[in-house]
Amino acid sequence: MENFLSKELIWTRKPKQVTVTRETIEIVTEPHTDLWQRTYYGFQNDNAPVLQVRTAEKYFSFTVHTRFDSKHRFDQCGVALYLDSENWLKASIEYENEYFQRLGSVVTNHGYSDWATTDIPAGVKAMWYRLSRRESDYCVECSEDGVNFRQMRICHLWNGNAEITFGIYACSPEASSFRAVFSQMEITECKWKAHQ
């Protein structure tokens with residue numbers, strides 16, 4: 001088991017307001033920041049801050065706890081694997097309105113994003129995520145207690161078969177800002193077992 005924060009951290013677009021300690025990362029998002037490529041909406045947004053580490057390890061899991069005070073449409077924070085502007089994945093809760101949010105994930109291959117979601121109550125303000133790798137295939141899971149994880153998606157990254165970078169992100173696609181706190185970030189042996 002390794003502490004994510006003990007490794008060399010790599011920023012893609014470091015935010016103006018960020019605090020990194022030995023145990024937590026706190027990001028205050030900036031308005032009009034997002035990650036999305038083309039599909040359905042037509043636009044391309046590639047300006048969200050992402051903090052990652054680099055690895056060539058083919059089998060591992062990365063777990064992180066998120067706390068957030070999101071309150072505006074599309075405010076989001078979670079786990080990310082960002083290779084470049086056209087090849088990445090993310091999983092998060094995106095605030096929608098006072099009634100519900102969207103717990104979901106986006107996978108972007110060769111410049112086209114998808115978005116898979118399920119609606120959850122707007123009052124949820126914390127979530128665990130676990131990202132696991134098996135060569136160029138990936139599994140994203142979530143948990144309310146950090147013990148019992150449930151699968152969000154299994155996917156393939158066409159450019160995700162060699163050295164990769166992975167970590168956390170937070171952004172506010174519209175005219176808003178919120179505080180996101182990431183903690184208990186651990187890299188372990190792969191928790192996603194081989195298919196029998």
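In this predicted model, strands β9 and β10 are joined by a hairpin through two residues. The two strands run antiparallel, and eight bridges connect β9 (residues 76-84) to β10. Within this pairing, Cys77 has Ile93 of β10 as its bridge partner. A hairpin with four residues between its strands is also formed by β10 and β11. Here again the arrangement is antiparallel, with eight bridges between β10 and β11 (residues 100-109); the bridge partner of Glu94 in β11 is Arg102.

Strand β10 is mostly covered, nine of its nine residues being buried. In a regular strand, side chains alternate between the two faces of the sheet. For β10, both faces are covered: Asn87, Leu89, Ala91, Ile93 and Tyr95 are buried on one side, and Trp88, Lys90, Ser92 and Glu94 are buried on the other.

Strand β10 (87-95) also contributes to the largest pocket, where β10 and β5 (35-37) each supply at least two residues of the lining. The space in this pocket amounts to about 200 Å³. Its lining comprises 14 residues, and those nearest the centre are Asp34, Phe43, Phe74, Glu94 and Pro173. By class, eight of the lining residues are nonpolar, two are polar and four are charged.

Strand β1 (residues 2-3) is joined to β18 in antiparallel fashion by two bridges, with Asn3 opposite Glu186. Five bridges link β4 (residues 24-28) to β18, also antiparallel, and in this pairing the partner of Ile25 is Phe182. A further antiparallel pairing, with seven bridges, connects β8 (residues 59-68) to β18; here Ser61 has Thr188 as its bridge partner.

Aromatic side chains form seven pairs in the structure. In the pair of Phe4 and Phe166, the ring centres are 6.4 Å apart and the planes lie at 55°, so the pair is tilted. This pair links distant parts of the chain, 162 residues apart: Phe4 lies in the loop between β1 and β2 (10-12), and Phe166 belongs to strand β17 (residues 164-171). Both Phe4 and Phe166 are buried. The pair of Tyr41 and Phe43 has ring centres 5.5 Å apart and planes at 20°, so this pair is stacked. Tyr41 is partly exposed, its relative accessible area being 38%, and Phe43 is likewise partly exposed, at 37%.

Most residues other than glycine have a negative phi. Two residues of the model depart from this pattern. His32, although not a glycine, has a positive phi of about 60°; His32 is located in the loop between β4 and β5. Glu135, also not a glycine, has a positive phi of about 60° and is placed in the loop between β14 (126-134) and β15 (137-143). With 43% relative accessibility, Glu135 counts as partly exposed.

The loop between β14 and β15 also contains Ser136, which counts as buried at 14% relative accessibility. Apart from its neighbours within four places in sequence, Ser136 is in contact with Cys155, His156, Leu157, Gly160 and Asn161. Trp158 is situated in the loop between β16 (150-156) and β17 and, at 56% relative accessibility, counts as exposed. The C-alpha atoms of Trp158 and Asp137 are 8.9 Å apart in space, the two residues being 21 residues apart in sequence. When neighbours within four places in sequence are left aside, Trp158 is in contact with Asn109 and His110.

Note on methods
Residues are numbered from 1 along each chain as its sequence is written. This is a predicted model: local features need pLDDT of at least 70, side-chain atom pairs count only at pLDDT 80 or more; totals for chains, interfaces and linings use all residues. Side-chain values use heavy atoms; hydrogens and water are left out. Two strands pair if DSSP finds at least two bridges between them. On a 1 Å grid over the protein atoms alone, a cavity is a set of points where a 1.4 Å probe fits but cannot get out, and a pocket is an open set with protein on both sides within 12 Å along at least five of seven lines; lining residues have an atom within 4 Å of a point. Grid points are joined across faces, edges and corners, and a volume is the space filled by probe spheres set on the points. Ala, Val, Leu, Ile, Met, Phe, Trp, Tyr, Cys and Pro count as nonpolar, Asp, Glu, Lys and Arg as charged, and the others, Gly among them, as polar. Buried means under 20% relative accessible area, exposed over 50%, partly exposed in between (1.4 Å probe, protein chains only). Contact means heavy atoms within 4.5 Å. Rings of Phe, Tyr and Trp (its six-membered ring) pair if their centres lie within 6.5 Å; planes under 30 degrees apart count as stacked, over 60 as edge-to-face and the rest as tilted.
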